[in-house]
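Hi,

Here is the structure I said I would pass on to you. Have a look at it first, and then read my notes below.

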Amino acid sequence: MTQSHPRISKAVIPAAGLGTRFLPATKATPKEMLPVVDKPAIQYVVEEAVSAGLGDVLMVTGRNKRPLEDHFDRNYELESALQKKGDASRLAKVQESSDLAMIHYVRQGDPKGLGHAVLCAAPHVGDEPFAVLLGDDLIDPRDPLLQRMIDVQEQHGGSVIALMEVAPEQIHLYGCAAVEATGDDDVVKVSGLVEKPEPADAPSNYAIIGRYVLDPHVFDILRKTEPGRGGEIQLTDALQQLAEDEKVGGPVHGVVFKGRRYDTGDRGDYLRAIVRLACEREDLGPDFRTWLRSYVAEEM
């Protein structure tokens, strides 16, 4: 008989990073607020959480992240100006971000890594399973990865991570999972994890991408986890302990994702993400694709 587990209602979005790869643009602007076409990257992530039924969102922020709070707050002066102009379309777009979800904020005082950022969410999350969404990975809403992960967690309990097959020479850029097959083609049992291994040492080419559904026992492990690779507290190290001992926090499963993912954590991939999303927009796509074809033809 399939076991039922508590329904997930909370999402945690770590957003305390300095965004050094995008300097000088991120000197005064949080990297999460960089626009992807005409919305900041962070809004896509919140929309994904809400689409999966997670209306309670905690952002783990740091210094100089106030624009995140301002973006998801009401801006009465701007709304009033748009209303007076009769610009209903732009008014709706401005109000959309403030009406998306119940959003809370907590500061990560010291940048001690993803594991520490997740630990900062413990008082808000409590003893419930919860989702973690990283802002560098944007998942196309037509490919509901997070909802699938929630379904797997409700079926099996424990924790669920998102995996994607990458070229062997790219695995050193990711956390990597050792896996075993299950009865579902897109679900694997995770038996081990290693953070950014050399290709020769990688147990597979399954890379961890930025979506997690975690059992609250992960907090107990993170409190005891010593700094690992890069001198930071690694979430991967805590998940490795959960995978090794199912009696504490249940098993770890992975959902193998083969859908559309937009990586905005690298400058080149950020630009490619904007082009792909712009090409698919009904309002921008036709003219933009025509220009792009012409531009490429001229440059080639």
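**What I found**

Asp 137 is buried, and Arg 261 is buried too. By "buried" I mean under 20% relative accessible area, while exposed is over 50% and partly exposed is in between (1.4 Å probe, protein chains only). Before you go on, please keep in mind that this is a predicted model, where local features need pLDDT of at least 70, side-chain atom pairs count only at pLDDT 80 or more, and totals for chains, interfaces and linings use all residues. Residues are numbered from 1 along each chain as its sequence is written, and side-chain values use heavy atoms, with hydrogens and water left out.

**Salt bridges**

The side chains of Asp 137 and Arg 261 form a salt bridge, 2.7 Å from N to O. Asp 137 sits in strand 7 (residues 137-139) and Arg 261 in strand 13 (residues 261-263), so the bridge ties together parts that are 124 residues apart in sequence. A salt bridge here is a side-chain nitrogen of Lys or Arg within 4 Å of a carboxyl oxygen of Asp or Glu. Helices (H or I, at least four residues) and strands (E, at least two) are DSSP runs, numbered from the N terminus.

How many salt bridges does a search of the whole structure find? It finds 17. One of them joins Glu 48 and Arg 211, with the closest N and O atoms 2.7 Å apart. This pair links distant parts of the chain: Glu 48 is in helix 1 (residues 41-51) and Arg 211 is in strand 11 (residues 206-214), 163 residues apart. Glu 48 counts as buried because its relative accessibility is 12%, and Arg 211 is buried with a relative accessible area of 0%.

Arg 148 and Asp 186 meet through their side chains in a salt bridge of 2.8 Å, N to O. Arg 148 lies in helix 7 (residues 145-156) and Asp 186 in the loop between strand 9 (175-181) and strand 10 (187-195), so this bridge ties together parts that are 38 residues apart in sequence. Both ends are partly exposed: Arg 148 has a relative accessible area of 27%, and Asp 186 has 25%. There is also a network, in which salt bridges that share partners join Asp 38, Arg 281 and Asp 283.

**Helix 1**

Is helix 1 mostly covered or mostly open? It is mostly covered, with nine of its 11 residues buried. Among them are Ala 41, Tyr 44, Val 45 and Glu 47. Gln 43 is in helix 1 as well, and it is buried because its relative accessible area is 3%. Leaving out residues up to four places away in sequence, Gln 43 touches His 71, Phe 72, Glu 96, Ser 97 and Leu 100; contact means heavy atoms within 4.5 Å. Just after helix 1, Gly 53 takes a positive phi of about 90°.

Leu 34 lies in the loop between strand 1 (10-14) and strand 2 (35-36). With 12% relative accessibility, Leu 34 counts as buried. Which residues does Leu 34 touch, not counting those up to four places away in sequence? They are Phe 22, Ala 25, Thr 26, Lys 39, Pro 40, Ala 41 and Tyr 270. Tyr 270 is 236 residues from Leu 34 along the chain, yet their C-alpha atoms are separated by 9.7 Å.

Glu 195 is in strand 10 and is buried, with a relative accessible area of 16%. Neighbours within four places in sequence aside, Glu 195 is in contact with Tyr 174, Gly 175, Arg 229, Gln 234 and Thr 236.

**The whole chain**

Now zoom out. The protein chain has 11 helices and 13 strands, and its C-alpha atoms fill a box of roughly 60 × 50 × 40 Å, taken along the principal axes. Buried residues make up 48% of the 300 residues. Of the contacts with a separation of 6 or more, 76% are between residues 24 or more positions apart.

Happy browsing!
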